[in-house]
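The following exercises concern a protein model. Each task is followed by a solution in steps.

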Amino acid sequence: MSLLALSKNSSFFRVSRHVLEITTCNTRFLTTTPSQKAQTVASASAGSNANKDPLVKTFSIYRWNPDKPAEKPHLQQYQVDLNACGPMVLDALIKIKNEQDATLTFRRSCREGICGSCAMNISGTNTLACLAKIDRDASNTKLYPLPHMYVVKDLVPDLTHFYKQYKSIEPFLKKETKPKAGEREHYQSIADRKKLDGLYECILCACCSTSCPSYWWNSDEYLGPAVLLQAYRWMIDSRDDYAKQRREALQNPFSVYRCHTIMNCTKTCPKGLNPGRAIAMIKKEMALE
Amino acid sequence: MSFGMLSFSRGFVFRRGFHLSPFASGFTFHRGFRNASPNNNGAEYIKGSVNEAVVLPPRDKVAGSYHWDFERLLSVTLIPLTIASVVKGGAHPITDLCLGVILPFHCHIGFDAMITDYFPHRRNPVLNRSFSWGLRAVTLIVLYGCYEFNTNDVGLTELVKKVWHA
């Protein structure tokens, strides 16, 4: 199997799975013995670029150190061989942190696009670094922290206010009556559960809110697409009894109505959700009251 | 609560070293003293502790959904009105009257949204007030102007027609 991988660039493409030995092409190994095969497997899986020319790309990364606050933030260039690196931007970041500059600071956890830690601005777009493929054609990839956020260090934004806003919409089930004795579940029909699809998957990475110009100018009082998506998620949950009160809490010029359907949020969501539509649905439900 | 040395360079440097993003604006030195509260690590942009929910603005349906409803109502009314004034060949005093009332209000609401966006009251109280009153004055003048133009001159529809075919 490793020989197949190595011979990908060669002219001899058809290698029978059972006949591994002799290929007259660009591979370095003419015959393989079991021990040699183990070695090639090991070196191939270690990400060696033994048969590929190094594909070196530049990463320009925003750096700022709070321990030296007088030093202005700046872009630092790092060279990374993409053939010795995983495909995602997070792989490059970890590689840089491991091999070149251990002081480079960024949040990351799951490396699979579910935790929302590695949200950052990659070449102008807010996404998760673990889901953003490195552009192999571009000579330079720019990494910035999420726009218009206070920066704790390098690529780490301060999301405190974002979380406080999330808390303000009361993102938990609220029932008017206590469950009756013996009743353990809150029943919900399949149709009602379907309404939550596209809303519950939000991982609160803050990519959408930090892409919204209205949130840039008015983050104090405008809740932003992420929080409003979750507000809508609780509003239309059939198990929740406080939908009306949730809508009433947003009756002011700022919490919802700073949205002017710019739709940057939907464009940038790394999970493919549609906060813009959720906000429009909130406006519609509020209008009809 | 002493804030130690705060340097006024291109931005503010908070005591614990939070860097003000180059794009943020509006946080003044004095505001920090007034909003000083515990357990937010010295960050002045966090009101209350980091574990407290944000306090939503006071509820006001007029400024909230009623305003939005009214704005959409005006926009929706303008669609058939504009089409009618384009299509209609003959006398158009009614469409002129409607346009002369609805258009200034529609534009007023639009500009008011811009003022609320870029000069919100909590951040720029003086500019907000002066622009808002200026806008109201201008809207009144435009309303009067439309009335004058519709009664003593050719009217809005005719004006557009003349400019279009000029």
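**Exercise 1.** Determine how many residues of chain B are in contact with chain A, and characterise the interface.

*Solution.* 
1. Counting contacts (heavy atoms within 4.5 Å), 41 residues of chain B touch 38 residues of chain A.
2. The two chains bury about 3600 Å² between them, 59% of it on carbon and sulfur atoms; buried area is the accessible area (1.4 Å probe) lost on putting two parts together, summed over both.
3. The rule finds three salt bridges across this interface, a salt bridge being a side-chain nitrogen of Lys or Arg within 4 Å of a carboxyl oxygen of Asp or Glu.
4. The side chains of B:R122 and A:D220 form a salt bridge at 3.3 Å, N to O.
5. On the side of chain B that touches chain A, helix 2 (62–87) and helix 3 each supply at least two residues. Helix 2 of chain B gives the most, six residues. Helices here are DSSP runs (H or I, at least four residues), numbered from the N terminus.

The model is predicted: local features need pLDDT of at least 70, side-chain atom pairs count only at pLDDT 80 or more, and totals for chains, interfaces and linings use all residues. Residues are numbered from 1 along each chain as its sequence is written, chains are lettered from A in the order in which they are written, and side-chain values use heavy atoms, without hydrogens and water.
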